[in-house]
Amino acid sequence: MDNELPITWISQGDDVTPQNDGTFLRERKYVFRLGKFGPFTEKVALLNFDETEIRRRVEKLRTQLRNDQAL
Amino acid sequence: MTPFDPVALVAMLVAFYSPPSVPKLQQARAERPTYFAGGTLRGTSGEKLFLPDGRIFDLIFAVDGPVAQRRYQALDVTTATGDPDPFPLEPGPLDPLDEEAPIFPTPRTGEFTSLVAEELAGFGASDQQLELAGVAVAEFGGATALEASSAQLLGPAAEHHAAMRVALDLDDPAEELEAAGLTRGTIEAAVNEYADDPPPDIAEPEPGVTPPDEDDHGEGRGKPGDDHG
């Protein structure tokens, strides 16, 4: 069982999504795999962008996958 | 479209949308649609994911039970539902692409060479005819006679034509006209005096008065009130 779940980045880039109120939501889009799982697609808002946010999400997903594998 | 990975979907749901519930599932579907691979949430409680390829996944265990018993899952219930698809897809006119088939087949060089050889063989008779035509042109002996007749007929005609053009350029048209008596020193206003009587003046008709009809002679034309009786 692969408990390491190394991350493999597939793509990163900015993404713009029109909102119902006429504004645009600008985000950074991350597509990656964790081990053999995925692809995972996570978007982090560019407004008050926090570089550590994607790392936290990746760790959450990785932890959850490890728990599932342990069952 | 992002391929569907049920393990990734469950990991995402547990990580970001706990505790499990149908509204949370719908929120996840709206905020992270790529994990759902274009599927839609339907079913009795909206906990089933219907994928475009026909697969059905139950995403919440014990959706109608207590919250403590609920948990996210990705249980393939495509065949367990037993409900036939009310709108089954019919086989279309197009076949799926064979990804193993080569897009560009390997060139067959031998065939091209043989094709060229066959076409060249077809021109064999044409080569002979072309050769005969070349010999016929080379054996034509009328060139000397043609040159002689050209020197005899066309040469003097060209010289005569050139001499005539030179003579015409030297001639002055005024001299020719004078010799013919067709020239005058001045242009006369009238060659002969105008002796005819001028035509009589015609009185101008007054506006608004109808001229009398010559054929009518004034008869039969009366005023509107001049009735006979």
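In chain A, which element has the lowest confidence, and which has the highest? In this predicted model, confidence within chain A is lowest in helix 1, at a mean of 88, and highest in strand 2, at 91. Taken over the whole chain, the mean pLDDT of chain A is 87, and 93% of its residues reach 70 or more.

- Chain A holds an open sheet of three strands, which follow the order 1-2-3 and pair in antiparallel fashion.
- Strand 1 (7-18) and strand 3 of chain A form the edges of this sheet, since each of them pairs on one side only.
- Neighbouring strands in the sheet are turned against each other by 20° on average, with direction ignored.
- Between strand 1 and strand 2 (residues 24-34) of chain A, which run antiparallel, there are eleven bridges.
- Within this sheet, Ser11(A) has Val31(A), a residue of strand 2 of chain A, as its bridge partner.

**Where chain A touches chain B**

- Ten residues from chain A and eleven residues from chain B take part in the contact.
- On the side of chain A that touches chain B, strand 3 (37-45) and helix 1 (51-70) of chain A each supply at least two residues.
- Sorted by class, this side of chain A consists of five nonpolar, three polar and two charged residues.

**The make-up of chain B**

- Chain B contains six helices and four strands, and along the sequence these elements follow the pattern α-α-β-β-β-β-α-α-α-α.
- Of the 229 residues in chain B, 10% are buried.
- When contacts in chain B between residues at least 6 apart in sequence are considered, 34% of them join residues at least 24 apart.

**Cis peptide bonds**

- Most residues other than glycine have a negative phi, and most peptide bonds are trans, a background against which the residues in this group and the next can be read.
- In chain A, the peptide bond that leads from Gly38(A) to Pro39(A) is cis, with omega near 10°, and Pro39(A) belongs to strand 3 of chain A.
- In chain B, Ser18(B) and Pro19(B) are joined by a cis peptide bond with an omega of about 0°, and Pro19(B) is placed in the loop between helix 1 (6-16) and helix 2 (22-31) of chain B.

**Positive phi outside glycine**

- Asn48(A), a residue other than glycine, has a positive phi near 55°, and it lies in the loop between strand 3 and helix 1 of chain A.
- Asn48(A) counts as exposed because it has 6 C-beta neighbours inside 10 Å, where the cut-off for an exposed residue is 12 or fewer.
- Ala62(B) likewise is not a glycine, yet its phi is positive, at about 55°, and its place is in the loop between strand 3 (56-61) and strand 4 (71-76) of chain B.
- Ala62(B) counts as partly exposed because it has 14 C-beta neighbours inside 10 Å, a number that falls in between the cut-offs of 12 or fewer for exposed and 20 or more for buried.

Definitions and conventions:
Residues are numbered from 1 along each chain as its sequence is written. Chains are lettered from A and ligands numbered from 1 in the order in which they are written. This is a predicted model: local features need pLDDT of at least 70, side-chain atom pairs count only at pLDDT 80 or more; totals for chains, interfaces and linings use all residues. Two residues are in contact if their C-beta atoms, placed from the backbone, lie within 7 Å. Ala, Val, Leu, Ile, Met, Phe, Trp, Tyr, Cys and Pro count as nonpolar, Asp, Glu, Lys and Arg as charged, and the others, Gly among them, as polar. Two strands pair if DSSP finds at least two bridges between them. Axes are lines fitted to C-alpha atoms, for helices over the stretch in contact, and angles run from 0 to 180 degrees between N-to-C directions. pLDDT is the predictor's confidence in each residue, from 0 to 100.
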